[in-house]
Amino acid sequence: MRPGGAAALSEKDFQANFGGITTQSGETSEDVRTGFQIKETAARGRCRRKMRMKVAVLGYGTVGSGVVHVIETNHDSILEKSGVDLEIKYVLDLRDFPGDPIQEKVVHDYDVIVKDPEVKIVVEVMGGVEPAYTFTKRALSAGKSVCTSNKELVARHGTELIALARENHASYMFEASCGGGIPIIRPLRTCLCADVIDEITGIVNGTTNYILTKMIEEGLEFEDVLKEAQEKGYAERNPEADVEGHDACRKIAILSSLAYGKRVDYTDVYTEGITRITSADIKYAKAMGKTIKLLAYSRKENGKVLAMVAPYLVGRQDPLAGVNGVFNAIFVHGNMLGDAMFYGQGAGKDATASAVVADVIEEAQVFGTSVMSVWSEEKQELQNMADTKKRFFVRVSGKVQDVAAVENIFGAVEVVQAGVDGEYGFVTPEMSEAKYQEKAERLTGILGMLRIRD
């Protein structure tokens with residue numbers, strides 16, 4: 001097929017169909033041939049039409065410099081595949097970068113960017129809420145599209161910013177905010193829109209997955225691995241957002257909002273981190289043939305959504321069990337699709353920047369319209385976690401011979417031994433969170449608890 005969907009005719013076919021004819025309007029067969037050629041040339045022109053799009057990048061840190069690197073390194077490939085000719089016109093930063101070629105494009109005043117009609121797309125990779133929120137609102141109000149990797153901003157103000165973009169015939173996109181380099185926002189918005197999504201579960205934080213992987217593989221304590229992760233650049237100097245689960249919490253709130261169509265407030269999501277995981281927990285996990293993963297979990301059932309972040313014991317046969325190191329994976333279940341998993345690097349300069357630039361390209365291709373994201377201002381009602389049921393693994397001080405006291409409270413349990421002095425473990429029958437808490441308060445000597453993913 002030729003451009004425009006018309007099949008090209010061979011000379012033989014042309015002569016068989018049109019040779020020697022004269023139309024009612026007086027056109028000869030050669031006039032018809034000329035008409036075909038003109039239409040084909042025009043169609044080719046439409047397919048080859050290139051769009052020059054000038055971009056401003058807010059922040060020249062890890063991700064910002066990565067965005068510049070991706071656009072400049074892959075410029076020709078992007079142009080050939082998408083028809084978008086991207087050009088970095090400005091980089092906003094408080095600093096100067098003498099000796100860096102980007103210096104000639106550095107500005108320190110945001111007004112230069114927002115008032116320049118040539119700038120059509122703004123890449124916000126500053127991080128934090130302010131001034132990113134104010135800058136984003138000003139750009140969208142000026143009809144400029146914005147894309148970001150800022151999960152904190154999207155989780156807090158995503159609903160408002162999507163609506164503002166729509167009002168101004170612009171787009172607000174945030175593919176890199178949840179999975180780093182893993183494409184997940186776009187599949188939820190496009191590829192999976194024929195499905196009703198009822199579950200999203202993922203390992204969405206590379207720092208915590210790296211720490212847990214090292215603890216499991218080498219039997220180390222949390223603090224030792226955290227220090228090593230900081231030295232290698234896998235963990236921030238202040239790692240609280242990662243290790244306490246706040247980063248994963250924001251990501252599952254964003255994914256749930258997109259999947260279910262209503263705003264999930266991240267402050268309502270029950271969140272635990274990994275700071276209480278010990279080498280003893282790792283020994284028990286190995287004894288049970290399981291591993292430990294920090295899971296961001298979301299499920300919709302009977303109109304209500306359960307969303308939470310917590311460390312889970314995961315069986316070795318579970319696809320998420322094999323996701324190690326700084327890699328992330330997001331499991332999605334749809335009523336027609338069934339199960340699907342998206343896997344890749346969840347962080348890193350180039351991986352994240354690649355996802356950001358993919359948003360830039362799509363915004364350029366649809367500039368003047370708004371990319372559709374179903375995320376209403378109506379707040380999604382969350383299910384009370386106390387009512388949800390699961391099995392629990394519990395560590396308790398004492399000897400296995402004392403298990404009768406445990407069973408008097410919990411009923412029949414499965415005892416687990418891992419060679420840890422002065423304690424043993426047990427697995428409860430399935431019960432609600434509320435029932436577990438009520439029983440746990442009656443048992444002395446509990447050292448720790450982990451939920452089990454069945």
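## Helices α7 and α13

Helices α7 and α13 are oblique to each other, a class left over once angles under 35 degrees (roughly parallel), over 145 (roughly antiparallel) and 65 to 115 (roughly perpendicular) are set aside. Their axes, for α7 (residues 151-167) and α13 (residues 246-260), cross at roughly 45° and come within 9 Å. The crossing is left-handed, as the near helix is turned anticlockwise from the far one by less than a right angle. On the α7 side the contact (heavy atoms within 4.5 Å) involves K151, E152, V154 and A155, and on the α13 side D247, R250, K251 and I254. Five of these residues are charged, three nonpolar and none polar.

## Basis of the model

This is a predicted model, in which local features need pLDDT of at least 70, side-chain atom pairs count only at pLDDT 80 or more, and totals for chains, interfaces and linings use all residues. Residues are numbered from 1 along each chain as its sequence is written, and side-chain values use heavy atoms, with hydrogens and water left out.

## Residue K349

K349 lies in helix α15 (residues 349-365) and is partly exposed, at 37% relative accessibility; that class runs between the buried limit of 20% and the exposed limit of 50%. Beyond its neighbours within four places in sequence, K349 contacts T62, S65 and G66.

Key:
Axes are lines fitted to C-alpha atoms, for helices over the stretch in contact, and angles run from 0 to 180 degrees between N-to-C directions. Helices (H or I, at least four residues) and strands (E, at least two) are DSSP runs, numbered from the N terminus. Ala, Val, Leu, Ile, Met, Phe, Trp, Tyr, Cys and Pro count as nonpolar, Asp, Glu, Lys and Arg as charged, and the others, Gly among them, as polar. Buried means under 20% relative accessible area, exposed over 50%, partly exposed in between (1.4 Å probe, protein chains only).
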